[in-house]
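I opened the notebook to write down what I looked up, one entry per topic.

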Amino acid sequence: MANKIIVYHGSSKIIEKPVFGVGNPNNDYGLGFYCTENIELAKEWACSAETDGYANKYELDLADLSVLSLTNGDFNILNWLFVLLENRKFRISGDIAKQAKEYIFENFAIDYKSYDIIKGYRADDSYFSFANAFLNNTISLSQLEKAMVLGKLGEQVVALSEKAFNSFSFIESSPAPKEIYLPKKLARDTEAREEFKKEKTKGSILTEKYVLDIIREGWENDDDRLQRVVLG
């Protein structure tokens with residue numbers, strides 16, 4: 001891994017220096033500074049219906065930082081779901097979803113908070129709904145895995161520690177007009193949902209593994225049936 005990478009943070013304002021301890025604690029990986037290596041995605045995330053945005057560009061020095069990558073082959077999709085469940089506000093309703101959450105916490109927890117940087121999937125609105133559907137036993141494990149690469153959101157790079165926050169060097173900011181990038185963001189989400197509908201018709205409930213199967217069969221973190229790398 002190169003020691004220095006270029007990342008972008010989408011925001012409604014120019015941020016020359018990220019401020020540690022500020023932000024929304026209910027984001028995907030908790031309180032942190034969320035970035036992407038794709039400037040176009042950063043511009044989409046920067047916009048809202050009310051405001052234009054900016055893609056803030058930084059050089060991030062990874063030297064001496066501990067980096068956890070959820071997509072490099074060391075982890076599986078249920079490890080990612082554990083992190084999401086710890087941080088995002090899920091509406092857990094029904095006995096299956098409650099048992100599924102407990103099972104994932106007992107068997108797929110990882111110590112991500114001890115790292116400076118975490119890299120992994122971004123749970124946009126559509127992806128968040130896919131995760132919820134899996135917990136409620138309405139989509140299978142393989143369908144959840146495939147859903148993570150729909151819409152081509154790529155990885156997000158998230159600074160968690162104060163040490164990581166101090167490793168950003170601001171380069172410049174680029175404007176992200178909402179009339180251009182908000183439609184792109186909405187179209188990407190719609191495309192992901194439409195692609196997912198097509199994927200759902202391909203699986204069979206007789207051969208696919210659902211969260212109830214995982215619980216009943218006692219899957220653990222080292223189970224060979226869990227994919228370590230999900231390819232698009």
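Which backbone oxygen does the side chain of Ser167 reach? I noted first that the model is predicted. I then found that the Ser167 side chain reaches the backbone oxygen of Lys163, at 3.0 Å.

Entry on Ser167. I placed Ser167 in the loop between α6 (162-165) and β7. Its relative accessible area is 16%, so I wrote it down as buried, since buried means under 20%. Leaving out residues up to four places away in sequence, I listed Glu59, Leu60, Asp61 and Leu65 as the residues that Ser167 touches.

Entry on the strands. I looked up β3 (residues 53-61) and found that eight bridges join it to β1 (residues 4-11). β1 and β3 run antiparallel. In this pairing, Ser11 has Tyr54 of β3 as its bridge partner. I also found eight bridges between β3 and β7 (residues 168-176), again an antiparallel pair. Here the bridge partner of Tyr58 is Phe170 in β7.

Entry on the cores. I kept a general remark beside this one: in soluble globular proteins, nonpolar side chains tend to be buried together. The largest nonpolar core has 42 residues. Tyr29, Leu78, Trp80, Leu81 and Phe134 have the most contacts inside this core. Among the elements that give two or more residues to the core are α3 (95-107), β5 (117-121) and α4 (125-135). α2 gives the most, with eight residues. I recorded a second, separate core of 15 residues, which includes Ile5, Ile15, Phe33 and Tyr58. Tyr58 had already come up as the partner of Phe170.

Entry on cysteines. How many disulfides does the structure hold? I counted zero. I looked at two cysteines for their accessibility. Cys35 is buried, with a relative accessible area of 1%. Cys47 is also buried, at 5% relative accessibility.

Entry on backbone angles. Most residues other than glycine have a negative phi. Which values of phi did I find for Asp64 and Asn137? Asp64 is not a glycine, yet its phi is positive, about 70°. Asn137, not a glycine either, has a positive phi of about 70°. Asp64 is in the loop between β3 and β4 (67-69), and Asn137 is in the loop between α4 and α5. Are these residues buried or exposed? I noted Asp64 as exposed, with a relative accessible area of 66%, and Asn137 as partly exposed, with 21%.

How values were computed: Residues are numbered from 1 along each chain as its sequence is written. This is a predicted model: local features need pLDDT of at least 70, side-chain atom pairs count only at pLDDT 80 or more; totals for chains, interfaces and linings use all residues. Side-chain values use heavy atoms; hydrogens and water are left out. A disulfide is a pair of cysteine sulfur atoms within 2.5 Å. Buried means under 20% relative accessible area, exposed over 50%, partly exposed in between (1.4 Å probe, protein chains only). Two strands pair if DSSP finds at least two bridges between them. Helices (H or I, at least four residues) and strands (E, at least two) are DSSP runs, numbered from the N terminus. A nonpolar core is a set of buried Ala, Val, Leu, Ile, Met, Phe, Trp, Tyr and Cys residues joined through side-chain atoms within 4.5 Å. A polar contact is a pair of N or O atoms within 3.5 Å; within protein, one must be able to donate a hydrogen and the other to accept it, and residues adjacent in sequence count only if both atoms are side-chain atoms. Contact means heavy atoms within 4.5 Å.
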